Amino acid sequence: MIFQTNQIEWETVFVTGGAGYIGSHCIVELLNAGYKVIAIDNFTNCVNGNGEAPSLKRVEKITGKKVTFYQCDLLDRPKLAEIFDNHKIDCVIHFAAMKAVGESMQLPLLYYKNNLVGTINLLEVMEEHNCCNLVFSSSCTVYGNPESLPITETHPTGNVTNVYGRTKYFIEEMLKDIIKADGHKWRIISLRYFNPVGAHQSGLIGEDPTKAFTNLMPYMAQVAIGKKPYLTIFGDDYDTIDGTGVRDYVHVMDLASGHVAAVQKLEADNHIGLQMYNLGTGRGVTVLELLKMFEDVTGTKVAYKVEDRREGDIVSMFANSDKACLELGWKAKYNLRQMCEDFWRWQTMNPNGYRIESESKCNGSTSSNGIENKASMSNGIETNGH
């Protein structure tokens, strides 16, 4: 859906965490929609190409358009302000965050400092530069253990089961307070998305984990191509059809189009205030169902082991995205098979991700201590990623 507006058209979108998995795919859609993009990243969750972003070089190849990129950490407020000084920015999409559920339970202070203080710095710099239009990358984790399914935006939030999710919840609460204080000035959309998977259909960009704490599908693919010995599934005794956790897997390009729809909605609506939207397919899929589909698509066998549940996991989570359909004109287009096909294309075209083979060895693609032999969140809740 293209929103019509009588305002001067927005030209430049600032993207935090732009070199990451979801950020890079979103930038493809922003460029294709005619926006100029300024992106920043500190390379916490993505590959650092000597201060440049390999993912965004690929984005430029896909789109034929330029991305202005800065290596910048949101905790570095002076550098962030300097970037805003040098550009006229119309809207911000805020992906940047530490994102691993398991890691967040081990390093809570690191997560609170990075995600909360970084967001406060960003909001302050935005306000100082009279840029008060924000699309925030939130998460279904703000809902905690669901009281009913599918989850709508009116479902209670706050009873969150992990530190990562609490950082998203606290940021949403900050955004509510900003609107209460300065609702005449700020326009904000919070996108609560579910479990991003897949890759761009070109196979040029995709998810390339840089930590042992990572998402489900990349580990499946690494096992399938022989780089990992097995996948670990945490818990097979949930009250589901096969005992494994249920999640709502959504194609990353569907999420990317959702962000463009959100930017267009902000541009068109002066009085939007703060709105929350779920981005999901509305279909719950178990870990084993996803694994079987992946095996069917790839013609491989993915070895796995089952271990006990972990703290912070929940049983089942899938979305009702009717509000996004009605108000943003957005609906997920891709099915589970397409998600697997597109990710497999990325993985087979780029067995070492964005790294060359020598870099992959130096960065520890194999591990003598075995930590990288386990998918740290195989029940899927961790796949928020920014």
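**Rings and charges in a predicted model**

Phe170 is partly exposed, because its relative accessible area is 33%, between the cut-offs of 20% and 50%. Keep in mind as we go that this is a predicted model.

Phe170 has a partner. A search of the whole structure turns up 6 aromatic pairs. In one of them, the ring centres of Tyr112 and Phe170 are 6.2 Å apart and the planes meet at 35°, so this pair is described as tilted.

Now look at another pair, Phe294 and Trp344, which is edge-to-face, with 5.7 Å from centre to centre and 85° between the planes. This pair also links distant parts of the chain, helix H9 (residues 287-298) through Phe294 and helix H11 (residues 336-349) through Trp344. Phe294 has 0% relative accessibility, so it counts as buried; Trp344, at 16%, counts as buried as well.

Rings can have charged neighbours here. The charged end of Lys305 sits over the ring of Tyr230, 4.5 Å from the ring centre, and that of Arg309 sits over the ring of Tyr238, at 4.1 Å.

Finally, visit Lys88, in the loop between helix H3 (77-86) and strand S4 (91-94). Lys88 is exposed, because its relative accessibility is 66%. Its side chain makes a polar contact with the side chain of Asp90, at 2.9 Å.

Key:
Residues are numbered from 1 along each chain as its sequence is written. This is a predicted model: local features need pLDDT of at least 70, side-chain atom pairs count only at pLDDT 80 or more; totals for chains, interfaces and linings use all residues. Side-chain values use heavy atoms; hydrogens and water are left out. Helices (H or I, at least four residues) and strands (E, at least two) are DSSP runs, numbered from the N terminus. Buried means under 20% relative accessible area, exposed over 50%, partly exposed in between (1.4 Å probe, protein chains only). A polar contact is a pair of N or O atoms within 3.5 Å; within protein, one must be able to donate a hydrogen and the other to accept it, and residues adjacent in sequence count only if both atoms are side-chain atoms. Rings of Phe, Tyr and Trp (its six-membered ring) pair if their centres lie within 6.5 Å; planes under 30 degrees apart count as stacked, over 60 as edge-to-face and the rest as tilted. A charge sits over a ring if NZ of Lys or CZ of Arg is within 6 Å of the ring centre and within 35 degrees of the ring normal.
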